[in-house]
Amino acid sequence: MVKAELRKTGIEAVLEQRLARVSAPEELWDRVRYPRVERPSVHMSVNAARMSACATVAAAIMLLVWHFHTGGAAVQFRSSDPGMVRAWVQANAGIDVPLHSGYLVGANVNHGRAEIAYRVGGRDLSLLVSNSRGASLKNGANFAWAAGGQTYMLACTAPEDLKACALCHLGG
Amino acid sequence: MVLDANDREVIEACQRGDYDAFRVLFEAHKDRVYSIALRYSGDPSEAMDIAQETFLKLLGSIQDFRADASFESWLYRIVVNRCLDHKRRGRRWMPFLDGLLDAVSAPAENALHRLLRVEQEQSVQSIVGKLPAEQRIVVVLRYTEGLSYDQIAEIVGCSPGTVASRLNRAHKVLERRLSHLRGVLGGSNG
């Protein structure tokens, strides 16, 4: 095997040359700093692009209306991976929410406050997390508690909403 | 692959939640991560997705990194897993048309040379892209990163013998399919 490693054949030279390392595009940092949820399709006719734009606007309006009516899950960062959501919230709101698993949909950040979106029993719910101690109940929240220098707020309308505990606590 | 004192300090700062330190770590490893993703996927757009996911995963799990482990091996494992897990959204080789257009629009004396180079790169990349995933990742780690069989084995989680046999199988396929490039590449049999 050592011999095979040392002997450089023609194909090895070609591969070394043609698969060499390249520079990462500058915009990669922006993609990490402000993660993009979806990427636009590059193969699209003009008509398809127009139709897609109209559909996107219509969908955005519907989503906005739905969001205001239901407090629903329009999220800036969509992922069910606790590590990724935790990292994104930490990067964008400076809040470390010790997420573990379960029910996660994604997260929003707004004015230094994080909103962890999760889904239970077919309903979209959110756990609000703020760095300010003793923040008052907001957005219809009826549960608030402090932990690790952060205030957590939750709007519960059904016992199963408390499954939010499982977001941070194993077996919660 | 041993961390020096500066690397250690940067990683420890990341573990304390220092975002500037994460930027330093990003700058130090972005080319490595992006190149592996690009050479594996063959698609710059997909490579950006994989690289983004790798760094988000890194940011999210840096707390779990143990100081006595090799950071580079750990990072390689993250990017390799992201490559292997990445959903194949349908292979698109069209982005490489960008390279062809750049080559054609270059100054006249360089245009032909660049066109040839781009064509060769595309051929190699496209044929590598058709290898089975477990052979492709080994080829990328070997030729994009220049890693030894032992290092690749540690990252991929198999024996050095398996690495050697995967590379051997890949070489045979690539040699057959890339035979038309030999004349063009001439003296590259170094």
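Student: What share of the 172 residues in chain A do buried residues make up?

Tutor: In this predicted model, buried residues account for 36% of the 172 residues of chain A. A residue is placed in that class when its relative accessible area is under 20%.

Student: What elements does chain A have?

Tutor: Chain A holds six helices and six strands. Read from the N terminus, its elements follow the order α-α-α-α-β-α-β-β-β-β-β-α. Its accessible surface is about 9,700 Å², and carbon and sulfur atoms hold 58% of that area. Of the contacts in chain A with a separation of 6 or more, 40% are between residues 24 or more positions apart.

Student: Where is Gln150(A) found, and why is Gln150(A) called buried?

Tutor: Gln150(A) belongs to strand 6 of chain A, which covers residues 150–154. The relative accessible area of Gln150(A) is 7%. The cut-off for a buried residue is under 20%, and Gln150(A) therefore counts as buried.

Student: Which residues is Gln150(A) in contact with, leaving aside its neighbours within four places in sequence?

Tutor: With those neighbours left out, Gln150(A) contacts Ile95(A), Asp96(A), Val129(A), Ser130(A), Asn131(A) and Trp145(A). For Ser130(A), the C-alpha atom is 5.7 Å from that of Gln150(A), while the two residues are 20 apart in sequence.

Student: How many helices and how many strands has chain B?

Tutor: Chain B has 10 helices and zero strands, and its elements accordingly read α-α-α-α-α-α-α-α-α-α from the N terminus. Of its 190 residues, 51% are buried. The accessible surface of chain B is about 8,900 Å², with 50% belonging to carbon and sulfur atoms. Among its contacts between residues at least 6 apart in sequence, 65% link residues at least 24 apart.

Student: What makes Arg39(B) count as buried?

Tutor: Arg39(B) has a relative accessibility of 6%. Arg39(B) is part of helix 2 of chain B, residues 19–41. Not counting residues up to four places away in sequence, Arg39(B) touches Arg18(A), Leu19(A), Ala20(A) and Val22(A), as well as Gln125(B), Val128(B), Val140(B) and Thr144(B).

Student: Is Ser159(B) buried, partly exposed or exposed, and how do you know?

Tutor: The relative accessible area of Ser159(B) is 35%. Buried requires under 20% and exposed requires over 50%, so Ser159(B) is partly exposed. Ser159(B) sits in the loop between helix 8 (149–156) and helix 9 (160–177) of chain B. From Tyr149(B), Ser159(B) is 10 residues away in sequence and 8.7 Å away in space, C-alpha to C-alpha.

Student: Why is helix 7 of chain B called mostly covered?

Tutor: Helix 7 spans residues 133–143 of chain B, and nine of its 11 residues are buried. Among them are Ile137(B), Val138(B), Val139(B), Val140(B) and Leu141(B), and also Arg136(B) and Arg142(B).

Student: At what angle do helix 7 of chain B and helix 9 of chain B pack, and what is helix 7 of chain B called relative to helix 9 of chain B?

Tutor: The two helices pack at about 95°, with their axes 9 Å apart. Angles from 65 to 115 degrees count as roughly perpendicular, which means that helix 7 of chain B is roughly perpendicular to helix 9 of chain B. By class, this contact has six nonpolar, two polar and four charged residues.

Student: How do helix 2 of chain B and helix 4 of chain B pack?

Tutor: Helix 2 of chain B and helix 4 of chain B pack at about 35°, with axes 10 Å apart. Their crossing is right-handed. The residues of this contact divide into 11 nonpolar, one polar and two charged.

Terms used: Residues are numbered from 1 along each chain as its sequence is written. Chains are lettered from A and ligands numbered from 1 in the order in which they are written. This is a predicted model: local features need pLDDT of at least 70, side-chain atom pairs count only at pLDDT 80 or more; totals for chains, interfaces and linings use all residues. Side-chain values use heavy atoms; hydrogens and water are left out. Helices (H or I, at least four residues) and strands (E, at least two) are DSSP runs, numbered from the N terminus. Buried means under 20% relative accessible area, exposed over 50%, partly exposed in between (1.4 Å probe, protein chains only). Contact means heavy atoms within 4.5 Å. Accessible areas come from the Shrake-Rupley method with a 1.4 Å probe; for residues, only the protein chains shown count as cover. Axes are lines fitted to C-alpha atoms, for helices over the stretch in contact, and angles run from 0 to 180 degrees between N-to-C directions. A crossing is left-handed if the near helix is turned anticlockwise from the far one by less than a right angle, and right-handed if clockwise. Ala, Val, Leu, Ile, Met, Phe, Trp, Tyr, Cys and Pro count as nonpolar, Asp, Glu, Lys and Arg as charged, and the others, Gly among them, as polar. Angles under 35 degrees count as roughly parallel, over 145 as roughly antiparallel, 65 to 115 as roughly perpendicular and the rest as oblique.
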